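Please take me through this structure step by step. I am new to it and would like a friendly guide.

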Amino acid sequence: MRIVDLLSKESIMLNGTPKTKSEAIDMLVDLQVKSGKIADKAEYKKGILAREQMSSTAVGEGIAIPHAKSTAVKAPSLAAMTVPSGVDYEALDEEPSNLLFMIAAPNDGDVHLEVLSRLMTILMDEDFRAKLIAAKNKDEFLKIIDDMEKEKYPDEPKEAVAESKTGYRVLAVTACPTGIAHTYMAAEALEKAGKKLGITIKVETNGSGGAKNILTKEEIENCDGIIVAADKNVEMARFDGKKVISTQVSDGIKIPEKLINRIVSGDAPIYHHSGAAAESASSGNESFGRKLYKHLMNGVSNMLPFTIAGGIFIAIAFLIDTIAGAPQTGDFGTYTAAAKFFKTIGDFAFNFMIPVLAGYIGKSIADRPGFLVGLVGGYLATKGSTFAAVGGDVPSGFLGALLAGFAGGYLMLGVEKLCDKLPKALNGIKPVLIYPLVGLGIIAVIMCAVNPFMGMINTSISNLLNSMGSSSKILLGCILGAMMSIDMGGPFNKAAYVFGTAAIASGSYDIMAAVMIGGMVPPLAIALSTTFFKNRWTEEERKNGPVNYIMGLSFVTEGAIPYAAADPLRVIPACMIGAGVAGALSMAFGCTLMAPHGGIFVIAVIGNWPMYLLSLVIGSVVGMLLLALFKKKIKN
């Protein structure tokens, strides 16, 4: 077993400066952890200290070789440190130690004795020790050892130590509710951080186009751990028994190195899957509110394609009839054959929107049993089923769907627990008969009971919005626009967006217009500021600034995140005010929008689009000027 094969660049430190033996041990243990061969840092260190209590492992001549056999060691490895100034390691000759090697060995076998013997043999050469201490870099350090081993053992073939595992050291999954920006920004940040740290990493993205770069079973088995940076639930059962860090997708963007280092150092809990889709890798550390948010966002992310595609089709229908000069009567949007086609298809897509929202909330909570309950509950909400009129009477819409998804999902978790007490002989029919039958009955009773009340609340909200005076709507537009800029893709942003999409379903198209313009302003304000006020930004920020023109016009608010993260106390307030101004102006000018996404690319279906563009320009310029006012000039 060759010494050079047990060392890696990550486990070598040249010119270390520990002041005490204890500090030297800590530094060497950290190097061992970086090698990736230590499963439990604390347990391994305990073994090292236990050996030191028996007698010091400093053998004199400036050499110290601490070592331990431990269950925490996944594969044999070495860590090395040169200390030119020396450190008191309690050597027998009372001389300071300046060349330290730490051996990590598994419990099975006596590999540590073999390595110890080999080390002592080659370290007896004084010139060899001097060369190691004088090594200028890690490559030279390894070459000196390699040359010495070839000299001492010329007939021995070079035999690489079998790695304990192959593939990637760290795996990750990123996902955000819309699956558009945060998902891929987090993936890129993690990949860059892995490259910088010299740690192999693979990232699976759960984006709007489905999961890409999917983690394989072999990769999961062989990795050190998994980072799940997601604001919606992802498939977790495959990670059972592995070390997993579950966190917000924004952390994948902001602190990727910290997350990777936690996995590599073993500072992550072991995940145990219970079968509930709602369970995350760190469910014990997540607040109930965050769990609810993730379930909601899971529903929203799956609903969005129906909302966006259906909304654009309906908007195209109105555009066609407008061009054709159709009268603004009750059949507007279906007056011409072409418009009727788009309107009908768009309505079909819209009809799926609310059931899909409820269905995927239910699935997020209770996995497949919750999907049926949520989906049917959402459909009952759209139909307005009651005990008096099962076929439909008082639609409860968006609010009813939320209730159906959450209530149905959690009730199904209860049903599953109750069914655990049934005889094992019935296990085969539970998922195909008992769960669907009981779930359908429960959600039917719930929705028929609550639809009248939810319908009244829905109607009241709709009436309130319709009865708002111009000043009240302007204030509402200002608030929604500012909310889109508070956390740029976070809970406040998503709350405003969900409110806008719900308003579309109830026919309040001016609300969605204010929401989208509020989300477009932050990237545009930053792009303008990096163009006209260059001395407020670093060279890298100026270089990347023009990209935000595209992201802003495309309604991708997340383009502003790197700038906001670098200077939140100045950037966020400036963007919020600019977005609030744009949202208020959009409402004041009576702008409308039926397509809940698309930015400038759906301008043809924006009501009063000239004033909408003016509102966007004014809001962006306000944001730009405030950024120039709030941010200090950068000295060259």
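What follows is a walk from the whole chain to some of its details.

This is a predicted model, in which local features need pLDDT of at least 70 and side-chain atom pairs count only at pLDDT 80 or more, while totals for chains, interfaces and linings use all residues. Residues are numbered from 1 along each chain as its sequence is written, and side-chain values use heavy atoms, with hydrogens and water left out.

Let us begin with the whole chain. It holds 22 helices and 13 strands; here helices (H or I, at least four residues) and strands (E, at least two) are DSSP runs, numbered from the N terminus. Of its 636 residues, 51% count as buried. Buried means under 20% relative accessible area, exposed means over 50%, and partly exposed lies in between (1.4 Å probe, protein chains only). The chain exposes about 28100 Å², and carbon and sulfur atoms supply 61% of that area. Such areas come from the Shrake-Rupley method with a 1.4 Å probe, and for residues only the protein chains shown count as cover. Contacts tell us about the fold too: among those between residues at least 6 apart in sequence, 72% join residues at least 24 apart. A contact means heavy atoms within 4.5 Å.

Now look inside. In soluble globular proteins, nonpolar side chains tend to be buried together. A nonpolar core is a set of buried Ala, Val, Leu, Ile, Met, Phe, Trp, Tyr and Cys residues joined through side-chain atoms within 4.5 Å. The largest one here has 34 residues, of which Ile511, Met512, Val515, Met516, Leu593 and Tyr612 touch the most other members. Two or more residues of this core come from each of α11 (288-323), α15 (470-486), α16 (491-505), α17 (509-532), α21 (568-588) and α22 (609-630). Helix α17 gives the largest share, ten residues. To see one member up close, find Met512: not counting residues up to four places away in sequence, Met512 touches Tyr497, Gly500, Thr501, Ile504, Leu593, Ala595 and Pro596. Apart from this core lies another, of 29 residues, with Val373, Ala381, Ala401 and Val498 among them.

Leaving aside neighbours within four places in sequence, Gly299 is in contact with Leu357, Tyr360 and Ile361. Gly299 and Met353 are 54 residues apart in sequence, and their C-alpha atoms are 9.9 Å apart in space.

The strands deserve a visit as well. Strand β10 (residues 225-230) pairs with β11 in the parallel sense over four bridges; two strands pair if DSSP finds at least two bridges between them. Within this pairing, Ile226 stands opposite Val244 in β11. Along strand β11 (residues 244-247), Val244 and Ser246 point one way and Ile245 and Thr247 the other, and all are buried.

Next come the charged pairs. A salt bridge is a side-chain nitrogen of Lys or Arg within 4 Å of a carboxyl oxygen of Asp or Glu, and a search of the whole structure finds 20 of them. One joins the side chains of Asp146 and Lys150 (3.4 Å, N to O). Because they are four residues apart in helix α6 (residues 138-152), these two are separated by about one helical turn. Asp146 is buried at 12% relative accessible area, whereas Lys150 is partly exposed at 47%.

Another salt bridge joins Asp224 and Arg169 (3.2 Å, N to O). This pair links distant parts of the chain, 55 residues apart: Asp224 is in the loop between α8 (217-222) and β10, and Arg169 in the loop between α6 and β7 (170-175). Asp224 is buried at 10% relative accessibility, and Arg169 is buried at 15%.

Lys631 and Asp567 also meet in a salt bridge (2.9 Å, N to O). Lys631 lies in the segment after α22 and Asp567 in the loop between α20 (561-566) and α21, so the pair ties together parts that are 64 residues apart in sequence. Lys631 is buried at 9% relative accessibility, and Asp567 is buried at 13%. Elsewhere, Lys21, Glu52 and Glu90 are linked in a network of salt bridges.

Ile429, Val432, Leu433, Leu437 and Val438 make a nonpolar patch of about 450 Å². Patches are made of residues with over 30% relative accessible area and no salt bridge, with like charges joined within 9 Å and nonpolar side chains (Val, Leu, Ile, Met, Phe, Trp, Tyr) within 5 Å. Ile429 lies in the loop between α13 (397-419) and α14 (430-467), and is partly exposed with a relative accessible area of 36%.
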